[in-house]
Amino acid sequence: MSKKGKAPAMARTASKRQSSHVEEVPPKLSKGPINGVASCLCFDTPASLFQSLIHPMGQEEFFRDYWEKQPLHLQRSDPNIASYYQSLFQLSDLKSLCAQGLEYARDLNVCRCIQGRKKVLNKVGRVKFNVLSRDFNQEKATIQFHQPQRFKDELWKIQEKLECFFGSLVGSNVYITPQESQGLPAHYDDVEVFIMQLEGEKRWRLYKPTVPLAREYAVEPESRIGTSTHDIILKAGDLLYFPRGTIHQAETPIGVDHSTHLTLSTYQTMSWGDLLLDTFPSFLLDTVQSDASMRQGMPIRLLLDSDGDLDTRKRLAGFLRGIADEVEAGKLKGRSAGMRRDFVTNRLPPHTEQEQDITPSGKIPELDDSVRLRFRDHIAITVEPRQERTDEASEMMVFVLHSLTNKRQSHMMGESGDGSEEEEEEEEDSSISEGLCFPLSHLQALRQLQEVEALTVSQLELLSDGDKVNMALALWTESLLEVCPA
């Protein structure tokens, strides 16, 4: 997915797992205050975090009635929630953030909507706080801060848990808009959007999609959008959700000094169509290699005909039905390699205090030890050809990918998005792990570790005790496995 200002699904795993969404977890406060403000979110599990985010609505109702279907406005009158939301990011944070070497376009945009058009007021190079303040106060410009989770630990913690919950990238932007001003024209996005109102108030007008579940960002002229379906005043502590494709525009009302809101966005390029695009080519190639009938030559002059005759179309349809049967039989497992690799490579690392490096934990595993995976939600298994240049046919291997060495400072900071008019490519972070590589014979043993809470090394479904211990040792060295306490 595009990174800056978007959430890709971002980059991605397979289709959404609705069954995992319906777990109802009563929200409770996280341990310890943040800057003296108690959290209103529960960080025990990814599901409990999401449940506390949409409280008092339950997950089952949300995914049944609202997800990808219609907007939802959750009004809160709890001052504790409002205080917590404000602690996530506020206007007064900008001075200290500017001292950290922010740059225009990369870290923030300064813009204003004038007569239905976006006017970018960015300067060149480093952001100076006094210049930023002047544009905000005198030009009535909106400050669009890209991916604040790079600087704010609590947002890192929230978004990391949400990425585990959705199995998709979760990006964010902060928008700070002065009184009687609007930053962006009416537009729609290609992501599912959750708006958290942090400071002040903002008026949101939502319109019926012209492109339901859109796959791209686009500005829509006032002449096409018609009358709004929702006209909402979002107040501090409120939450607003709307599906991708929903046309929207927002302004800070008169009498409100300024508005600050956080946009959380996810599920970019995470549709069934995207999954087919990712999985089908490699599976089709495997089928061609194993099925002689698919290696027979097509009719002569077929490429010169417009559509081919009825027999040709029936033959193609028969091949597709055969492949569909193979998919239904479960022979497609582990083949969504591109989406999985993209997601794991670009997502946030596990949240740790003081950004400590994650190292192997506890004793080295032995054959009789009971072991379990660490950071289970940060691991993905793919089946792919070994990426080596040889004259021999590509050998299919099992890859264990993880995000433990990803850097939050580069999270979602690839190409520009969400209306940004400038693009910057950053150098790839050499710290990103390529993961572990095992022979295809190790796939079932790896699945065992994913599917159970714990098991002994001797129970791994591998031919020899040496293979079992070596696989456990490789995972332990990569900080992906630990010996269970006695």
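Visitor: Leaving aside its neighbours within four places in sequence, which residues is Ser259 in contact with?

Guide: Tyr175, Ile176, Thr177, Gln197, Glu199, Glu201, Lys202 and Thr252; contact here means heavy atoms within 4.5 Å. Bear in mind that this is a predicted model, where local features need pLDDT of at least 70 and side-chain atom pairs count only at pLDDT 80 or more, while totals for chains, interfaces and linings use all residues. Numbering runs from 1 along each chain as its sequence is written, and side-chain values use heavy atoms, with hydrogens and water left out.

Visitor: Why is Ser259 called buried?

Guide: Buried means under 20% relative accessible area (exposed is over 50%, partly exposed in between; 1.4 Å probe, protein chains only). Ser259 has 0%, so it's buried.

Visitor: What makes Ser259 and Gln197 a polar contact?

Guide: Their side chains are joined at 3.0 Å. The term asks for a pair of N or O atoms within 3.5 Å, one able to donate a hydrogen and the other to accept it within protein; residues adjacent in sequence count only if both atoms are side-chain atoms.

Visitor: Where does Ser259 lie?

Guide: In strand 13, part of an open, antiparallel sheet of eight strands ordered 1-11-7-13-5-4-2-3. Strands (E, at least two residues) and helices (H or I, at least four) are DSSP runs, numbered from the N terminus.

Visitor: Why are strand 1 and strand 3 said to stand at the edges?

Guide: Strand 1 (72-74) and strand 3 (117-120) each have a single partner strand, so one side of each has no neighbour in the sheet.

Visitor: How do you know that strand 7 and strand 11 pair?

Guide: Pairing takes at least two bridges found by DSSP. Strand 7 (residues 192-199) and strand 11 (residues 239-242) have four, in the antiparallel sense, so they count as a pair. Within them, Met196 stands opposite Leu239.

Visitor: And how many bridges do strand 14 and strand 19 have?

Guide: Three, antiparallel again, so they pass the bridge count too. Their open sheet runs 18-14-19, and Val371 stands opposite Val483 in strand 19.

Visitor: What makes something a nonpolar core?

Guide: It's a set of buried Ala, Val, Leu, Ile, Met, Phe, Trp, Tyr and Cys residues joined through side-chain atoms within 4.5 Å. The largest here has 54 residues, and Phe50, Phe62 and Phe166 have the most contacts inside it. Apart from it lies another core, of 23 residues, including Leu449 and Leu480.
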